[in-house]
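Please open the structure in your viewer and keep the selection tool at hand.

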Amino acid sequence: MRLAGKKVIALVDEEFEDLELWYPVHRVREEGAEVHLAGEIKDKTYVGKYGVPAKAEYSFDELNSQDYDGILVPGGWAPDKLRRYPKVIELIQEMHRDHKIIGQICHAGWVLISAKILQGVTVTSTPGIRDDMENAGAIWKDEPVVIDGNIVSARRPPDLPPYGKAFCDLLADES
């Protein structure tokens, strides 16, 4: 329970990649952290690409980055929606400024691009958005998991075990 007392936001919107949301959420909870699912609308049930539901316990507007130690951004098609919410961008920017742990996998890099926090940061993502990541100033690597400062990135579902471990390791080491 090395993450006892830690709090993490997990963002949700329609068509999140089911495993890329739930695997990290369960992994972080197994380590003792409290994870809050947040969507545009509190109590709305969002449905993943493969039909797995996720009910938002909080709306984005209810969240204060100061109350959390980290944030998980799932992949799928949800990131293209998530990056359009000013509050999501604000949360990512504030958490980055405060060196809190930001986890992103697959297409989740779109949210970090829109938050304009990738200049000079080494990351990975699904190869499909490599150009987007590089055009935002990131240094892109084709590796299962890349850690640069407070940002943990992964490519796709087969990378979930090392991604979950890396996120938890960083969260545990956070001062």
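**The nonpolar core**

Begin with Val28, Ile92 and Leu118, which have the most contacts inside the largest nonpolar core, a set of 61 residues. Such a core consists of buried Ala, Val, Leu, Ile, Met, Phe, Trp, Tyr and Cys residues joined through side-chain atoms within 4.5 Å; buried means under 20% relative accessible area, exposed over 50%, and partly exposed in between (1.4 Å probe, protein chains only). Helix H6 (residues 160-173) gives the largest share of this core, seven residues. Helices (H or I, at least four residues) and strands (E, at least two) are DSSP runs, numbered from the N terminus.

The model is predicted: local features need pLDDT of at least 70, side-chain atom pairs count only at pLDDT 80 or more, and totals for chains, interfaces and linings use all residues. Residues are numbered from 1 along each chain as its sequence is written, and side-chain values use heavy atoms, with hydrogens and water left out.

**Helix H3**

Next, select Ile92. Leaving aside neighbours within four places in sequence, Ile92 is in contact (heavy atoms within 4.5 Å) with residues including Ile71, Val111 and Ile117. Now extend the selection to helix H3 (residues 86-97), where Ile92 is among the buried residues, as are Lys87 and Glu94. The buried residues of H3 pack against elements including strand S1 (7-11) and helix H4 (109-114). Just after H3, His99 takes a positive phi of about 60°.

**Two loop residues**

Finally, select Glu15, in the loop between S1 and helix H1 (18-30). Glu15 has a positive phi of about 65° although it is not a glycine, and is partly exposed at 38% relative accessible area. Asp43 lies in the loop between strand S2 (34-39) and strand S3 (45-47).
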